[in-house]
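Please read the following note alongside the sequence and the coordinates.

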Amino acid sequence: MDVFSEIVIIDATTVAMVGRECTCFLMVGRYTAGMTSPRIVVVGGGAAGFMAAITAAEAGADVTIVEKSREFLVKVRISGGGRCNVTHACFDPREFAIRFPRGERELIGPLQRFGARETVEWFESRGVKLKTEDDGRMFPVTDSSQTIIDCLTGAARAAGVKLVTGRTIDRFPEDCDRLLLATGGCRTDAGGKFAASFGHVIEPPVPSLFTFHIDVPWLRELAGISVDAEVSAAGLRERGAVLFTHMGLSGPSILRLSAWGARKLHALDYRFPLTVNWLPGKALDFGRMRREHGAKLVANTPLLPVRLWERLVDAPELRWSKLSRAEQHRLEQRLTRMELPVTGKSLNKEEFVTCGGVRLREVNFKTMESRVRPGLYLAGELLDIDGITGGFNFQSAWTTGWLAGRAMAS
């Protein structure tokens, strides 16, 4: 959506947004000590925007959230299959930060001030208890994202935050002392264009956290099967659950590979060979298999889920005792070094994550204030920060939003 057709900096304190239907002015950064509470406009009603708005309003600021859609917290609603993966049960800031392909170094300090532990305490202090699943992901005990939405909107209203939906910032004339951009990833050019108008450099956005299209009929026939495997492409390697889909492969290890390789795989136009080891960390001992299962059919002694094993063996009459050297090499190749042609990608369900955004060195990560334009703050996915799947991206939103809210209100 083209939110505005042109943005022009008029002088040091005024930005004019010239849209198709109106022109409005935001006076930014005029607050001085001794005045009444600072007036803050938050552009974007997502996780980062709400956390910032609540934090600032609870500290006494006059806060308004402006959201272009008719609904707040859309991404919160759909995340985690509608359960909302709030954060990850990793309470060491440095350990948490290494889950970010972009933003690791910058987030260490912020996570020490408001990390996963503080996020859990923040929600629990407002009546929302979280639970930890086996893989470390944390969800509300209700298993419903509506619980998180109700908590955030309720806390915002209780703190006096004014909530405006269905309005783009060019249609919301308002003077403010602090302006926060929390418009989400730069899939559209609205937030990025706005930030660029203040002099910020925008790192080109490309998708992160995506699944792989693989046009191999037998592979697609296994949709629904999950297996521990090691996958590698473009010089990157990941191990973990791989999920077969009707389009190719997904699962945590594929998503992590896509995140770390976001720019490399984009440069390859999402066409590249994917190498899969279906037996990671396991030595395929042919001698032992001959001794213990010599008379058995190879297809009938699965070391993997049966349907996958049968497809990989692809020799229904072959017995372990009759394996020739060539057949042994072929089987080992298919089990530990299978090459699959990736021909495209799909976003991870409806969860959109991009790498790219406002260049990180242009932001003060103690306050989230722009180093380019005083009075302007940035938080959430508009920054060139993105994490792997598992609650890390939401934590980045809570963390940067909280820091911005505290700083804007002070």
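1. Is Lys129 buried or exposed? Lys129 is exposed, its relative accessible area being 52%, where exposed means over 50% relative accessible area, buried under 20% and partly exposed in between, with a 1.4 Å probe and protein chains only. Its salt-bridge partner is Glu124, with the closest N and O atoms 3.9 Å apart, and Glu124 is partly exposed at a relative accessible area of 36%. A salt bridge here is a side-chain nitrogen of Lys or Arg within 4 Å of a carboxyl oxygen of Asp or Glu.

2. On the basis of the values: this is a predicted model, in which local features need pLDDT of at least 70 and side-chain atom pairs count only at pLDDT 80 or more, while totals for chains, interfaces and linings use all residues. Residues are numbered from 1 along each chain as its sequence is written, and side-chain values use heavy atoms, with hydrogens and water left out.

3. For the protein as a whole, 54% of the 410 residues are buried, and there are 14 helices and 21 strands, these being DSSP runs (helices H or I, at least four residues; strands E, at least two) numbered from the N terminus. Of the contacts (heavy atoms within 4.5 Å) with a separation of 6 or more, 70% are between residues 24 or more positions apart. The accessible surface, from the Shrake-Rupley method with a 1.4 Å probe, comes to about 17500 Å², and 50% of this belongs to carbon and sulfur atoms.

4. The salt bridges number 21 by the rule given above. One of them joins Arg239 to Asp228, with the closest N and O atoms 2.8 Å apart; this pair links distant parts of the chain, 11 residues apart, since Arg239 lies in strand β14 (residues 236-244) and Asp228 in strand β13 (residues 226-233). Arg239 is partly exposed at 44%, and Asp228 is partly exposed at 35%.

5. Another salt bridge is formed by Arg105 and Glu106, whose closest N and O atoms are 3.1 Å apart. Arg105 counts as exposed because its relative accessibility is 66%, whereas Glu106 counts as buried because its relative accessibility is 18%.

6. A network of salt bridges links Arg83, Lys131, Glu133, Asp135, Arg137 and Asp143.

7. Strands are taken to pair if DSSP finds at least two bridges between them, and β6 and β8 pair in the antiparallel sense over two bridges.

8. Helix α6 (residues 145-158) has 14 residues and reaches 20 Å from its first C-alpha to its last, close to the 20 Å expected at 1.5 Å a residue, the expected span being 1.5 Å times one less than the number of residues.

9. Which residues of α6 are buried? They are Ser145, Ile148, Ile149, Cys151, Leu152, Thr153, Ala155 and Ala156. An α-helix has 3.6 residues a turn, so residues three or four places apart point the same way. The cover over the buried residues of α6 includes α1 (47-58), α2 (74-82), α5 (116-124), β8 (137-140), β9 (162-165) and α14 (392-409).
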